Amino acid sequence: MELDDLKHAYQHAGAEPKNTEAIRNMLNAGSHPVLRRIRIQLIIEISLWSVFLIAFYNIFDGHQKPVAVNALLALTVVLVLIHSILGYKLTAHQVEGTSLTESLMNYGKRISRYGRVAIITRVAAILSLMIYFTSTIEFTTQKMLMLGGMLLIIPVQVFMLRKIWNKRADSIRAAYESVAG
Amino acid sequence: MKDEFLERISANQALIHKVCRIYRNTREDREDLFQEIVYQLWKSYAQFRGEAKFSTWMYRISLNTALASFRKPTFIYDRNATVPDRSDHPEGDDREERLFDAIKMLEDGDKALIALYLEDMSYTEMADILGITENNVGVRINRIKKKIKQYLTR
């Protein structure tokens, strides 16, 4: 069986055609399977951080802490939210280039960059929270040891995030290499 | 613009189905990929200037989405999940089925190349879509043909 003979079979293959209305619904981000999940996650994240941003000053005695510490925490929360929104946009716009290899290469670079920023924002968020809650504490040896223990969260988070983002970037790199040959 | 886009996508949707069939193994994954492709096509439609054929442009975006989007690890090969537009000729069905089975065993990049080849695209068109040289296209097509032939004659 020659491959050229199979061209006809391939060209006439298909599936149950979808009607125009079904396709029209697919143009909305709300019906996109991955974007829908990210959007729900984003809404929850934004809501929780917004509540935190509004309430932290009163609930956690912001008036007793230095202005710079309050500002640092607020700024970090805003950065975390901006970063999450950029993640949504990254998934929504995968095509960027005039050929498949160019587009995959650009997307891989964007994912790597986004992954690096994800690690930086996560570390900044942890440090800001720790600075905020320890800014008015009088440190004893025991408290210092506890803080040291809590700081161990950072390398664990860095390790986990690096693993996740490297895996994603590697899969795009593999796809690029497979196409480029 | 939206209506014009929908009309063109509806007319060429078999192309998307074929890409989904090549790159995903279960009906659910194929449905998800179909939606992702349509969404990316719509997002990129403003950049389509008509310099290439619409189907050529569609293939580039569809393959891009299939390769770049997140894939859930699946272990089930749902061979009968998508029922193609079958002719009444049972041999034709089997031939099509076997062809897709053969394509699926290839590497992702080679799947893209053979899909374009089977659509009767020229080496120049294939090279433009993939962003590789025509020489690279020629060498790889010959290699893929051999692999598929081996699989089909097993």
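Among contacts in chain B between residues at least 6 apart in sequence, what percentage join residues at least 24 apart? The share is 68%, where a contact means heavy atoms within 4.5 Å. The model is a predicted one, in which local features need pLDDT of at least 70 and side-chain atom pairs count only at pLDDT 80 or more, while totals for chains, interfaces and linings use all residues. Residues are numbered from 1 along each chain as its sequence is written, chains are lettered from A and ligands numbered from 1 in the order in which they are written, and side-chain values use heavy atoms, with hydrogens and water left out.

Chain B contains eight helices and zero strands; helices (H or I, at least four residues) and strands (E, at least two) are DSSP runs, numbered from the N terminus. Of the 154 residues in chain B, 55% are buried, a label for under 20% relative accessible area, with exposed over 50% and partly exposed in between (1.4 Å probe, protein chains only). One residue to look for is B:Trp42, in helix α3 (residues 27–44) of chain B. Leaving aside neighbours within four places in sequence, B:Trp42 touches A:Leu27, B:Met1, B:Lys2 and B:Phe5. The C-alpha atoms of B:Trp42 and B:Leu6 are separated by 9.0 Å, although the two residues are 36 apart along the chain.

Aromatic rings come next. Rings of Phe, Tyr and Trp (its six-membered ring) pair if their centres lie within 6.5 Å; planes under 30 degrees apart count as stacked, over 60 as edge-to-face and the rest as tilted. By this rule there are 17 aromatic pairs over all chains. A:Tyr132 is buried at 0% relative accessible area, whereas A:Phe133 is partly exposed at 34%. Ring pairs also join A:Trp49, A:Phe52, A:Phe56, A:Phe60, A:Tyr132 and A:Phe133 into a cluster. The charged end of A:Lys65 sits over the ring of A:Tyr132, 5.1 Å from its centre; such a placement requires NZ of Lys or CZ of Arg within 6 Å of the ring centre and within 35 degrees of the ring normal.

On a 1 Å grid over the protein atoms alone, a pocket is an open set of points where a 1.4 Å probe fits, with protein on both sides within 12 Å along at least five of seven lines; lining residues have an atom within 4 Å of a point. The largest pocket holds about 1300 Å³, a volume being the space filled by probe spheres set on grid points joined across faces, edges and corners. Its lining has 42 residues, with A:Thr91, A:Tyr114, A:Ile164, A:Trp165 and A:Arg168 closest to the centre. The second largest pocket holds about 480 Å³. Among its 19 lining residues, A:Thr98, B:Gln47, B:Glu51, B:Trp57 and B:Arg60 are closest to the centre.

A:Asp61, in the loop between α3 and α4 of chain A, has a positive phi of about 55° although it is not a glycine. B:Asp120, in the loop between α6 (108–118) and α7 of chain B, also has a positive phi, near 70°.
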